[in-house]
Amino acid sequence: MKATARAHTNIALIKYWGKRNEQLILPTNSSLSLTLNGFHTTTTVEFQEDLTEDNFFLNDESVKGEQYDRVAKFLDLIRLRTGKEGLYASVRSTNEVPTAAGFASSASGFAALAAAGTKAAGLEMSSQDLSRITRQGSGSACRSIYGGFAEWRMGDRPDGADSHAIPVASAEHWDIRVAAVVLNDTMKKVSSRAGMKRTVETSPFFRGWIESVPNDLKEIKAGIAMKDFEKVGQIAEANCLKMHATTLGANPPFTYWLDTTMTVMQKVREMRKSGLPVYFTIDAGPNVKVLYLPEYEEKVKQILSDIEGVTDVRLSKVGQGVTYL
Ligand code: DP6
């Protein structure tokens, strides 16, 4: 009744932005991501007869409140499935996803929790089954079950049975890199969950977003198959800008960008003009992720590190899917 699993975080090239069912975490659009080897979570789950409630330690500190509730709620799904109601678990996670780097540690966190939790409960799961249940912890996490490039197919069934990730290309397919540009940030954050909810409910631009995703997805998959860096970069950058545009139309309007976010975006465009093939993408936060090819690593790191207001640049390669330790 004990298992340990490790999962890496991922960065979406085609964003998941909007839910059609908040309870089951069913998205309004399909999405596609790159799993990153640089940032991971390792989680041990042990179901114990003597516990009267779940407990959750993150980096050796006991976690309570909303974060704890999401973990306990996720364990309920596993208990429900195995008939283990009333059997509680001890959950210990180590996060090597620097929250400061602006990566959704919830992606690697829920993927590792789902893998360790289902294994500890004795459930035999295919990767697809695992992705489907992981989705109910945090949507983007369902893509972290796979390494390399993964697509989360939105599905159309009301029960979510066909809403899970599938592998698109393995980590070995293509060595592309991501630089996470960390900014000096004191802004109070609108969580991705709250941000996408407000956008779905109030932004008139949301419809345009949804309509544009299927073609982006089709084109980027063709680009990945051909290893066409310009094509993949252009589509990812434009898709990110469309997602962020929806937030400006929300009521009340909001943006995840800081002035330095825009400075970094501008720098990426300048690098391109000078002949360096680089593209950016941004999640629900101010930090910028820059896509580049290995041969330009030194140069890209140097230029990004020199921007005023940039506190760190963390480099990552393409990573593997979930593993059991
Ligand atoms: C902007 O997966 O954090 O990073 O399903 O509510 O847990 P919940 O949301 P979450 O949203 C991620 C949004 C995003 C884009 C993406 O990763 O696709």
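Student: Where does Pro252 lie?

Tutor: This is a predicted model, in which local features need pLDDT of at least 70, side-chain atom pairs count only at pLDDT 80 or more, and totals for chains, interfaces and linings use all residues. Residues are numbered from 1 along each chain as its sequence is written. Helices (DSSP H or I, at least four residues) and strands (E, at least two) are DSSP runs numbered from the N terminus. Pro252 lies in the loop between α6 (229–248) and α7 (259–273).

Student: Is the peptide bond from Asn251 to Pro252 cis or trans?

Tutor: Most peptide bonds are trans, just as most residues other than glycine have a negative phi. The bond from Asn251 to Pro252 has omega near -5°. It is cis.

Student: Is Ile25 buried or exposed?

Tutor: Ile25 sits in the loop between β2 (19–21) and β3 (26–27), and its phi is positive at about 55° although it is not a glycine. A residue is buried if 20 or more other C-beta atoms, placed from the backbone, lie within 10 Å of its own, exposed if 12 or fewer, and partly exposed in between. Ile25 has 21 other C-beta atoms within 10 Å, so it is buried.

Student: And is Asn59 buried or exposed?

Tutor: Asn59 is in the loop between β5 and β6, and its phi, near 50°, is also positive. It belongs to the turn of a hairpin that β5 and β6 form with two residues between them. Asn59 has 10 other C-beta atoms within 10 Å, so it is exposed.

Student: Which residue in β6 stands opposite Leu58?

Tutor: Two strands pair if DSSP finds at least two bridges between them. Strands β5 and β6 (residues 61–62) pair in the antiparallel sense over two bridges. Opposite Leu58 stands Glu61.

Student: How many bridges join β4 to β7?

Tutor: Strand β7 (residues 88–96) has several partners to look at. With β4 the strand runs antiparallel, and Thr41 stands opposite Asn95. The number of bridges between β4 and β7 is nine.

Student: How far apart are the centres of domain 1 and domain 2?

Tutor: The chain is divided into domain 1 (2–174) and domain 2 (177–316), with bounds from an automatic or database domain assignment. The centres are taken over C-alpha atoms. Their separation is 23 Å.

Student: Which element gives the largest share of the side of domain 1 that touches domain 2?

Tutor: Two residues are in contact if their C-beta atoms, placed from the backbone, lie within 7 Å. The contact takes 26 residues from domain 1 and 32 residues from domain 2. On the side of domain 1, the elements giving two or more residues are β1 (2–14), β4 (31–48) and β9 (164–169). The largest share, six residues, comes from β4.

Student: What covers the buried residues of α3?

Tutor: Helix α3 spans residues 127–135, and its buried residues include Leu130, Ile133 and Arg135. What covers the buried residues includes α1 (65–82), α2 (105–120) and β9.

Student: How many charged residues are in the shell around the ligand?

Tutor: The ligand is surrounded by 14 residues, the closest being Ala12, Tyr16, Ser138, Gly139 and Ser140; a residue counts as near if its C-beta atom, placed from the backbone, lies within 6 Å. Ala, Val, Leu, Ile, Met, Phe, Trp, Tyr, Cys and Pro count as nonpolar, Asp, Glu, Lys and Arg as charged, and the others, Gly among them, as polar. The shell has five nonpolar and six polar residues, and the number of charged ones is three.

Student: Is Gln302 buried or exposed?

Tutor: Gln302 lies in helix α8 (residues 297–305). With 10 other C-beta atoms within 10 Å, Gln302 is exposed.
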